[in-house]
Structures are given as structure tokens and as C-alpha cells.
Amino acid sequence: MSKKADAVIIGCGIIGNCIAFELAKKGFKTLSVDRNGDSGAGSTAGSCAIVRAHYSTLEGVAFAWEGFGIWQNWEEYCEVQDDWGMAKYRQCGSVMVKSRDRNWKKILEHWDTVGVPYENWDADTMTERLPILSKTEFWPPSRPEADEDFFGEKEAVLEGALYCPSAGYMSDPKLSTHNVQVAAEARGAEFIFNAEVVEIIREDNQVTGVKLKDGTVIETGIVVNVAGPHSSIINNMAGVEEKNNIKTRAERHEVAYVPSPAGFDFEAGGVQISDGDNGIYMRPEVGNNILVGSEDPRCDTHQWVEDPDEFNRNTTDAQWTAQIYRAARRLPDLGIPNMHKGFAELYDVSSDWLPIYDKSDLGGFYMACGSSGNQYKNAPVAGMMMSELIEQCEKEGLNHDKYPLQFTLPTTGVTLDMGAFSRNRELNPNSTYSVIG
Ligand SMILES: Cc1cc2nc3c(=O)[nH]c(=O)nc-3n(C[C@H](O)[C@H](O)[C@H](O)COP(=O)(O)OP(=O)(O)OC[C@H]3O[C@@H](n4cnc5c(N)ncnc54)[C@H](O)[C@@H]3O)c2cc1C
């Protein structure tokens, strides 16, 4: 069997679907394929879907801030209603602790440049505004089983925190991805599921199609790799992995759940907390729970995964305990349950923890990968930027490697030099080399 499309998008996660939606809006006949049975069933399903603006680079801040307006007006962005329901933006605000690993003064400069509203709190203001938080400094992040002084009294006090009232999270990342599928379909995009790409067909250094596991060939001159933690496998299929200066690989990441401190409704009154001083992030979760992830401090060993189809999806006792005990230092009234609840998913991590949004050395083959655990919030804007790149290269003959696309963000008006997301950039020294980006 054979099919034809202007562009094949490999991967129906949040980023893949946003690219399909934007390409369809530009008139491309797109075909999205996913080996899973449904949209958003890959790593997007495990996303904490936090929407925050504290990134270490100006591009990162501008990119994220542009997305805020889309998440806040989700139904308007999607243009149509999904019969499955629409995901909701929960605007709880974010608190970024002024930790020693975070150049918070630089972040404030970026926020001022881009126009992100914020409040700059000292430690007393932080605890006045959020009495459930401790203002103690615990630096450096450590693990209870390895640090003899983990539970010891600490005298130092934090410098304070940055509060961003517009930040929040999406109620259901998988549903939001289905919402975008429905939006793209309304614009003419096609989707096929349970369809695994096993070959990128090439002729004279140009993509000519993809082959699926069941033998179906899809003829196309454009392929976009948005395969999440499987991105390096697809790049290898296309023969471009070795040529890219920036590589991608899968990293296992645990997310732990814990009930809110007794007497406090974290679901209604909690915020998203980025606590670099403790190496964790937290956000409210349904059922008055708190979701706790690691910000990848040095004490937490990276769990690189060779085969993204083979990894432990459950939390481990040691990592669950490390994350929850660190959370309990910042939230002293937190109770520690006996039952460990949580899960593990994969990040698609790039060499410098910043994404690749780029063409490749193979004609017609594009990459939106290396999302490094922090690109859910950027997906709609990435969709706009990637579709513009594809249109400019394929229809206008842009030499993007020589003259990188300058993409002006429609709302904020900030112009992003897409060279910052190049596969061949030098490792960015301003990155935190962590999920914080
Ligand atoms: C635990 C966790 C927490 C996170 N928290 C946040 C957060 O709070 N905020 C934030 O902004 N970001 C967060 N992220 C990151 C964010 O979720 C990801 O950047 C984003 O979901 C990636 O979307 P994607 O579309 O690129 O990939 P995915 O959702 O992984 O989609 C890739 C798809 O490709 C398909 N695929 C792979 N190989 C093939 C093949 N050969 N043929 C066909 N299909 C294929 C897969 O089945 C999959 O559905 C988190 C990620 C994780 C894992």
C-alpha cells in the first residue's frame, strides 16, 4: 500500500501535533504517524505540563512567555471544540527560589526585556505570602541517604524568590494533545496511529518517503522528526545523527506524589515552586496532592536509557524518598506517607539541554527534538516556528544554515534567531544543563 503527503510528521506528542496544526494552516497536506494508539500517549502523557518563564537564556524566556497567552486562551488557539473535552490552564503562579545555582538577576533582566510581570520577594516576603514555605537555605542539594547532615539544623536564610503570577500548568497534557489533533484535523491534517516508522526513504540526499512497519510506504518530500525520546533512533534512520553537533538521548525521570500538608489546600492555594536550593520542583495536583520532580542537581545521578522501550516506569524507593524528603525541608508541615506514589517517564535530552528546532543535512528532513524535559510549554510556539522554517526552506529556498531564520514572535514581538536552536550550534554556556534549560 502507498500513500502521499506534502509532509509526514513522525510523532503525535504535543510538539508534533502543534507542528501538524501550523503546517496545515499554511496549506500543507500533512500526515502525522505515531506508533502508539493515540495522540499524546508518549512522553507528553507523563509531562507535568508546567508553564513557567524562568529560563536562563533570553530566547528561552521570550519563547516561553509567548506561549503563556496561548495556554491562557487555549480554546481560541484550538479554534474547534474537542468531543473529548478541552484541557484547562490552571494559573497558580510560580515561585522560583533564589538559589545559588540560578542567575536570578539575569532572569530578571530577561523578564524586563520581554515584559514578564513579576514580584521580586525577599525571604520574609516569601514566607509572609506563602507561610507553608520555609525560608531556610539548604544549599547544596543533597540526598538523605548520602548526607549525614541532611536533617541537621541550618542557619542560613535564602535571598528570597521571584514570583510570576501568570505561570501555571495545563490540567491534562494528553487531552491537550488530542485537542490539537482535532484542531489540525479541522484544518485538513490526517493522523494515523499504531503506525511505526521503520525507514526514512532517501534518494540523492533528499527525503522521498517513509516506510511503516506494516510495509506501507508514504511518499513525501518533507519529514519532521518529533519522536521525543526516540528522536536519535529516527535521526539514525535518516543518516543525520552522526552529522549533528548536538545529539539527543533518553533520560529516565521520576515524578513523586504526596498529599498536601494537613490543613492546607495546595490544589487551590498552592503555586508551582522551582526550588534549585533543594534540587526539586513542585506543583499542585488534583486530589489536593503535590507533584514533586527533580531539577537534576549533581547529587541525583543521571539515568541515561539506551533503549527507550525498556525502562522502569515505577518510582524507586531511593529516588522517591530523596525527592519527597527534600520537598519536606521546604514544606516543613508535609507528612511523609508510607505508600510511594508516582511514575517514571523519559526526557529527550540534548547535549546542552536546549532543544533542536532545525533542518538537517538531509534535504527535506527536519528535527524538533531534544526537548530536555522542558518544552511542553513551548509546543504551540515551536509549531509556529517550525512550520515557518519548513515553508521558508521548501517554498522560498531559504539557506537556513547560512542565514538562520529570524522568527518574530507574534504577540511579544521579540525576534528569535533560530540559529540558537541549530543542530550545529556550539554548546550554549548559558544553559543550566538541567531541566531548567
Ligand atoms: C516526567 C516529565 C515531566 C515533564 N514536565 C514538563 C513540564 O512541567 N513543563 C514542560 O514544559 N515540559 C515538561 N516535560 C517535557 C515535555 O513533556 C516534552 O518536552 C514534550 O511532551 C515532548 O513532546 P514531543 O511531542 O516532542 O514528544 P512525545 O510526547 O514523546 O511524542 C513523541 C511520539 O513519537 C512517537 N514515535 C517514536 N518513534 C516512532 C516511530 N518510529 N514511528 C512512529 N512514531 C514514533 C512516540 O510514540 C510518541 O508518541 C516533561 C517531560 C517528562 C518526561
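A residue counts as buried if 20 or more other C-beta atoms lie within 10 Å of its own, as exposed if 12 or fewer do, and as partly exposed in between, with C-beta atoms placed from the backbone. You are looking at a predicted model, in which local features need pLDDT of at least 70, side-chain atom pairs count only at pLDDT 80 or more, and totals for chains, interfaces and linings use all residues. Numbering starts from 1 along each chain as its sequence is written.

Select 317-330 to begin. This is helix H9 (helices are DSSP runs of H or I, at least four residues; strands are runs of E, at least two; both are numbered from the N terminus). Eleven of the 14 residues of H9 are buried, among them Trp320, Ile324 and Tyr325.

Which residues come nearest to the ligand? Of the 38 around it, they are Gly11, Gly13, Gly42, Ser47 and Gly228 (a residue is near if its C-beta atom lies within 6 Å).

Next, some backbone geometry. Most residues other than glycine have a negative phi, and most peptide bonds are trans. Go to tryptophan 139 and proline 140, joined by a cis peptide bond with omega about -5°. Finish at serine 372, whose phi is positive, about 50°; serine 372 counts as buried because it has 25 C-beta neighbours inside 10 Å.

Methods: Expected span 1.5 Å × (residues − 1).
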